[in-house]
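Dear colleague,

Please find below the sequence and the structure that I am handing over to you. My notes on what was found follow directly after.

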Amino acid sequence: MAIFLYSKDHDLDAWVAELRRELPDVRISSDPSDHPDGYRMALVWNAPATLFSGMDNLALVHSTGAGVDHITRLPLDERIRICRIVDPSMATQMTQYCLLHVLRRHRHLEAYADQQEDRVWKRIPTCNAEDYHVGILGLGALGTHIAQGLRHLGYTVMGWKRSSSAAPEFPVFTGREGLETVLRNADHLIALLPNTPATAGLLDRAAFSMMKPGSCLIHVGRPQQLDYDALSAALDAGVLAEAVIDVFDSEPLDSDSPLWTQPGLKITPHVAAFPRVDRTMRIVSENYRRLISGAPLLHEIDRTEGY
């Protein structure tokens, strides 16, 4: 039995070193033709659709990150299970990223940088944090952690999620009417929903038309949720003062994409949060042991729900 590895975006040698430390007796390979019927588990990121051909005994495909839509879109047999990485350090990283951009806008740091260029000494009126409303679309582990960080700094937080459950200590909305409430009231919107049929295309022209003029967007969810043409139109019209986007339909973003020069748009190369190699491989190794022993897997997704 063996583990197959695939990614064009990661250091596979680092993966192999950590996995061999954890699983010294397991064959680990990145060659899909190397006795493919022996692979029981695959650890992948952005694998091509034909990659698993001949891997007839494959039982588990494991994502190297929190996202799994790069796996769920593949034509996998229904019997194959899918797991993702849940690394507490990713919640910290994601919170740092989002708080950085909220604080930068709320405290006018770029405006002051512009004033410095012009040698202007002028205070810009700034509302209190409790009067600055931040909406969060998606309240899983990451969204909840971000909300806690914002509330600790005094910001007013409201959230939206697909279904109702035990609510945290801030307003949480559900359904289409709830989404509209968050969109209309947010000064800053943070989107980090999973990719499902229910969330596809959620941030479209209609959604942007409901937002406050001059509001801001941070998009760190899945690219399928965002209509990039509608985003550009909202920025051009001044509906959005700024958008920070960390995820794109095609990565790396094409060098000739008009998004690179879109006024008001800040681009980062999918760096808001990423799992540590050592922690990731410990989770992967544990799931391999559980798969072989028949124990429940860690962080397994519901394939019918997509997360």
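Strand E10 (residues 215-219) has five of its five residues buried, so it is largely enclosed by the rest of the structure. Here, buried means under 20% relative accessible area, exposed over 50%, and partly exposed in between, with a 1.4 Å probe and protein chains only. Helices (H or I, at least four residues) and strands (E, at least two) are DSSP runs, numbered from the N terminus.

The model is a predicted one, in which local features need pLDDT of at least 70 and side-chain atom pairs count only at pLDDT 80 or more, while totals for chains, interfaces and linings use all residues. Residues are numbered from 1 along each chain as its sequence is written, and side-chain values use heavy atoms, with hydrogens and water left out.

Ser 215, Leu 217 and His 219 point one way from E10, and Cys 216 and Ile 218 point the other way; all are buried. The chain reaches E10 from E9 through helix H7 (residues 205-210), in a β-α-β crossover that is right-handed. A crossover is given that hand if, with the strands pointing away from the viewer, the path from the first strand over the helix to the second runs clockwise. A further right-handed β-α-β unit is made by E10, helix H8 (residues 228-237) and E11.

**The parallel sheet**

Which strands form the open sheet, and in what order? Seven strands do, in the order E8-E7-E6-E9-E10-E11-E12, and the pairing is parallel. Its edge strands are strand E8 (172-173) and E12, each of which pairs on one side only. Two strands pair if DSSP finds at least two bridges between them.

E9 and E10 run parallel and are joined by four bridges; within this pair, Ala 191 has His 219 in E10 as its bridge partner. E10 and E11 are paired in the parallel sense over five bridges, and Cys 216 has Glu 242 in E11 as its bridge partner. E6 and E9 also pair in the parallel sense, over four bridges, with Ile 136 opposite Ile 190 in E9.

Helix H5 (residues 141-152) has twelve residues and reaches 17 Å from its first C-alpha to its last, close to the 16 Å expected at 1.5 Å a residue. The expected span is 1.5 Å times one less than the number of residues. In H5, the buried residues include Gly 143, Ile 146, Ala 147, Gly 149 and Leu 150. They cover an arc of only 165 degrees around the axis, which puts them on the same side of H5; the arc is that of the directions from the helix axis to the C-beta atoms. On the other side of H5, Ala 141 and His 152 are exposed. The cover over the buried residues of H5 includes helix H3 (88-106), strand E6 (133-137), strand E7 (156-160) and E9. After H5 comes Gly 154, with a positive phi near 95 degrees.

Helix H9 (residues 277-293) has 17 residues, which should span 24 Å at 1.5 Å a residue, and its end C-alpha atoms are 24 Å apart, which agrees. Its buried residues are Thr 280, Met 281, Ile 283, Val 284, Ser 285, Asn 287, Tyr 288 and Leu 291. These pack against strand E1 (2-6), helix H1 (12-22), strand E3 (39-44), strand E4 (60-63) and strand E5 (81-83). H9 is followed by Gly 294, whose phi is positive, near 85 degrees.

Asp 187 lies in the loop between helix H6 (175-185) and strand E9 (188-191) and is buried, with a relative accessible area of 18%. Its side chain makes a polar contact of 3.0 Å with that of Lys 212. A polar contact is a pair of N or O atoms within 3.5 Å; within protein, one must be able to donate a hydrogen and the other to accept it, and residues adjacent in sequence count only if both atoms are side-chain atoms.

Asp 69, in helix H2 (residues 69-72), counts as buried at 7% relative accessibility. The side chains of Asp 69 and Gln 224 are joined by a polar contact of 3.3 Å.

Phe 248 is in the loop between strand E11 (240-245) and strand E12 (265-267), and is buried at a relative accessible area of 6%. Leaving aside neighbours within four places in sequence, Phe 248 is in contact (heavy atoms within 4.5 Å) with residues including Pro 223, Tyr 228 and Leu 253.

With kind regards
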